Amino acid sequence: MRHLTKRRLDNYTRTISSCPTSKNHQSDLPPQDLHFHALYENLLYFVFPLVSELPRPEMSKPVSASTHIIDVSGVSIMQFWGIRKYLQESSTAATTHYPETLGRVFVIGAPHFFKSIWDVISQWFDPVTRSKIFLLSPSEVQQTLRSYIDPSNLPKEYGGELHWHWQDLPNLDAPARELVDGLYHKTYRGDIFAKGPVVFQDGCIKLLGNVDGKPRRNDFCP
């Protein structure tokens, strides 16, 4: 959360509002709302179907919900106040349109003043959603997170074994990389993941959207 400042969020909103695709898109939704829904549509139609193919204890049940770690360490009360509008709008949209995708939310690193702020923020959620959100004390973080998340999938800074930092691409293990290998492009800077809308359907990755006015319809089937 410490990276989400009002200045950065305002700049982000201005950038996507001036994007040609946003101006030409026939929609009543503002660009930031379209981007928000695109994030969740990607979760529903690409991430969940894809990870449902990966080895796990209960293969008979598809993955349909996600676990979130919200790190609020280093965030000041002024920063929370500055981005409260963004937090409320995104929280309301998520619980209104995608409540079934939420598994658990773990809030960690809370400063001393966060309890009073949480009393306000928690009112943005319905009772079912609130029951899925847990505020962890420093002594609870490692044990709790490792009980819900396999250490191999938990970043090192939170007590796991995963080499991953904020803004990194997914650090995929061998089975996951085999499924999405066709979406990576080798460059001198390393692997770059294909941009744009994608879905995982019938065991294949399908690229959607257009490039230079031409539809991209390449399918990658492992």
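# Close-up views of a predicted model

**View 1. Residue T95 and its surroundings.** The side chain of T95 reaches the backbone oxygen of S91 at 2.9 Å. The structure shown here and in the following views is a predicted model. T95 belongs to helix α5, which spans residues 84-97. Is T95 buried or exposed? With a relative accessible area of 15%, T95 is buried, because buried residues are those under 20%. When neighbours within four places in sequence are left aside, the contacts of T95 are W124, F125, D126 and T129.

**View 2. The largest nonpolar core.** This core contains 19 residues, of which M1 and F80 touch the most other members. Helix α5, strand β2 (102-108) and helix α6 (114-121) each supply at least two residues of the core. Which element gives the largest share of this core? That element is α6, with 4 residues. In soluble globular proteins, nonpolar side chains tend to be buried together. Leaving aside neighbours within four places in sequence, F80 is in contact with M1, V72, V75, L87, F113, F114 and I117. Another core, of 10 residues, lies apart from the largest one, and its members include L54, L179, I205 and L207.

**View 3. The parallel sheet.** Three strands form an open sheet in the order β1-β2-β3, and their pairing is parallel. Why is one side of β1 and one side of β3 left without a neighbour in the sheet? Strands β1 (66-71) and β3 (133-135) stand at the edges and have a single partner strand each, so one side of each strand has no neighbour in the sheet. From one strand to the next, the twist averages 15°. Strands β1 and β2 are paired in the parallel sense over 6 bridges. Within this pair, D71 stands opposite I108 of β2. Helix α8 packs on the sheet and touches β1 and β2. The direction of α8 makes about 165° with that of β2.

**View 4. The antiparallel sheet.** A further open sheet consists of 3 strands in the order β6-β7-β10, with antiparallel pairing. The edge positions are taken by β6 (198-201) and β10 (219-220); each has a single partner strand, so one side of each is left without a neighbour in the sheet. Strand β6 is joined by 4 bridges to β7, which covers residues 204-207. V198 stands opposite L207 of β7, and the bridge partner of Q201 in β7 is C204. In a regular strand the side chains alternate between the two faces of the sheet. Helix α3 (residues 31-51) lies across β6 and β7 and runs at about 45° to β6.

**View 5. The turn between β6 and β7.** How many residues lie between β6 and β7 in their hairpin? The hairpin has 2 residues between its strands. D202 is found in the loop that links β6 and β7. Most residues other than glycine have a negative phi, and most peptide bonds are trans. D202 is exposed, with a relative accessible area of 74%.

**View 6. Residue Q167 in its loop.** Q167 lies in the loop between helix α8 (141-148) and helix α9 (174-180). Although Q167 is not a glycine, its phi is positive, at about 80°. Q167 counts as exposed because its relative accessibility is 64%, and the exposed class comprises values over 50%.

**View 7. The packing of helices α1 and α3.** Helix α1 (residues 6-17) packs with α3 at an angle of about 95°, and the axes of the two helices are 9 Å apart. This angle makes α1 roughly perpendicular to α3, because values from 65 to 115 degrees are counted in that way. From α1, the contact is made by Y12, T13, I16 and S17; from α3, by P31, Q32 and H35. A38 also lies in helix α3. A38 is partly exposed, with a relative accessible area of 44%. A38 and T13 are 25 residues apart in sequence, and their C-alpha atoms are 15 Å apart in space.

Definitions and conventions. Residues are numbered from 1 along each chain as its sequence is written. This is a predicted model: local features need pLDDT of at least 70, side-chain atom pairs count only at pLDDT 80 or more; totals for chains, interfaces and linings use all residues. Side-chain values use heavy atoms; hydrogens and water are left out. Two strands pair if DSSP finds at least two bridges between them. Contact means heavy atoms within 4.5 Å. Axes are lines fitted to C-alpha atoms, for helices over the stretch in contact, and angles run from 0 to 180 degrees between N-to-C directions. Buried means under 20% relative accessible area, exposed over 50%, partly exposed in between (1.4 Å probe, protein chains only). A polar contact is a pair of N or O atoms within 3.5 Å; within protein, one must be able to donate a hydrogen and the other to accept it, and residues adjacent in sequence count only if both atoms are side-chain atoms. A nonpolar core is a set of buried Ala, Val, Leu, Ile, Met, Phe, Trp, Tyr and Cys residues joined through side-chain atoms within 4.5 Å. Angles under 35 degrees count as roughly parallel, over 145 as roughly antiparallel, 65 to 115 as roughly perpendicular and the rest as oblique.
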